[in-house]
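Subject: Structure handover

Hello,

Here is the structure I said I would pass on.

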Amino acid sequence: MPTGAEPATAPAPAPGAPRAAVLALARFEARGLLLRLPVLLALAGYAAWIVWHNLRPYDDYPALQDADRATQGGPLIVGLAALLCANHAVLRSRRRDTERHLGVLVLSRGHRTAAHALSVVPLALLTAAGVAAQFAWEAAKPGAVGRGSVAELLAGPLTVLLFGAVGVLLARLAPSAVAAPLLVVVCWVMFVGAAFPFAGQETGAAWFAPVVGAARTDPFPSALLGRPAAWHALYLAGLALTLALLAVLVSGTRTRGVQAALAAALGLTVLGGAAQTGDVPAGTTAARVRASLTPEKDQTCVRRGTSAYCAFPEWTPRTDDWARVARRVQALAGGRAHGQRLLVRQRLEARYGLGGDAALTPSTTPHQVTVGTAWGGNRVPEFSTAVAGVLVAGDEKSAAGLCDGRMVTVMWLSLAWQDDPESALRHVRLDDSLSGSAVVLSPTEPLTMTAGQTKVVRALLHRPLPGVVGRVKAHWSELTAPRVTTARVAELLGVPVRVGPDRCAE
């Protein structure tokens, strides 16, 4: 006969019970994760970031192949909160000394680790909803052009999953309350603070970061991007799954199923990681050279009035905006310039990759005007300045070299038709000034205004438009004659201000 009571043993779980229990625990932990203060603050900040980003005044004309990448920065904040809170949740049993009690339950330590990893999925789905809302908002804007990439849109939610898996694995490898906060600080400095050593690179090690951006303001046509976005999404998904399974493995669950799944996830990670770091495809490189040197081979031209507007196919809907500006500028001009046939051609410099920012060379073709791939905000007065420069000087190269009183005529034509011409003058000048000499921006090489020319232009902008238009048309030939002085232009237009010498005479 037994001398004492037999120790109680837990009943064998029914088949499928651990899986159901894992899912139940994951749902419970997911609710807790979504209600944690750092996560709530991160989601509020993310929502505010989306609103701020999409309401910027110069973002009314988005290129969707850039708008999809623009969704990737905000989820980093949510990801860091997921890392911190998932780590904190895994360490709860250690902090409260309940690990020994949990050991008698149906769920093993590895099962509980899997549940914590799964608890990040709803937060990633919520982030995906934010990404979709941000992109849909951009796509719904009347000035939107181009097309986005699903793979680029997946990067944000996958980053949240990855950071959550990092938090779970860190809790199992280094069960310390300070490890996760320190890692969050490091990640913030490296990724959010743009201190990643390979930031801005188009190929190579840069793609091992969760988010790979390019410091460029002007969009590229979709066909010229050459970004391995699909491989990067596979890399992020594989890495997140690898880290989650590794956390389960180090928690004590070393079944063949877990080991096989870990091997498969690691294989996906290596495949995506290796494929994403390759060079830009040769076809993309050739297409970039062709678009830079001979854009007419890839463009569609449409006629609006007497002028032709040539654009890359994705930008064809924007030709109406360019034509509207060109017509307003020409309406103020006199002589033959009033009805001059213009060729407005979209140009870009793509030979140096997405991170390149080389200036466009002014065209020497008579009556050809350059327009870039960006539009809205300051790009509008810059384009109108290019149109005015060609109407006055004949071509862009000559306009870039203006150093006499013709600059007054150019800037007045560029600004007088706008709703707030003085504000446009400020925005088109490199130093945002309204007095003194300044560099004037244009789609190609900048122009230069002297302090005297600035005085004359501002005086004209404060006068009734019909009166100035009459004087400009009446004296057009002399106003646009080479070597006309700023003092003479001011006299012809009835502006009694003292001006210094022109740059040509200095």
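Is Phe208 buried, partly exposed or exposed? Phe208 is partly exposed, with a relative accessible area of 42%. The terms are set as follows: buried is under 20% relative accessible area, exposed is over 50%, and partly exposed lies in between (1.4 Å probe, protein chains only).

Some background on the model. It is predicted, so local features need pLDDT of at least 70 and side-chain atom pairs count only at pLDDT 80 or more, while totals for chains, interfaces and linings use all residues. Residues are numbered from 1 along each chain as its sequence is written, and side-chain values use heavy atoms, with hydrogens and water left out.

Aromatic pairs

The structure holds three aromatic pairs. Rings of Phe, Tyr and Trp (its six-membered ring) pair if their centres lie within 6.5 Å; planes under 30 degrees apart count as stacked, over 60 as edge-to-face and the rest as tilted.

One of the pairs is Tyr46 with Trp49, which is stacked at 6.3 Å centre to centre and 20° between the planes. Both residues sit in helix α2 (residues 37-54), and because they are three residues apart there, about one helical turn separates them. Helices (H or I, at least four residues) and strands (E, at least two) are DSSP runs, numbered from the N terminus. Tyr46 is buried, with a relative accessible area of 4%, whereas Trp49 is partly exposed at 21%.

Phe208 pairs with Tyr235 in an edge-to-face manner, 5.8 Å centre to centre with 70° between the planes. This pair links distant parts of the chain: Phe208 is in the loop between α10 (179-192) and α11 (229-250), and Tyr235, 27 residues apart from it, is in helix α11. Tyr235 is buried, with a relative accessible area of 8%.

Strands

Strands β3 (residues 343-346) and β4 run parallel and are joined by four bridges; two strands pair if DSSP finds at least two bridges between them. Val344 has Val369 in β4 as its bridge partner. From β4 (residues 368-371), Gln368 and Thr370 point one way and Val369 and Val371 the other, and all are buried.

Gln418 lies in the loop between α17 (406-415) and α18 (421-428) and is buried at 14% relative accessible area. Leaving aside neighbours within four places in sequence, Gln418 is in contact (heavy atoms within 4.5 Å) with Pro381, Ser384 and Ala424.

Regards
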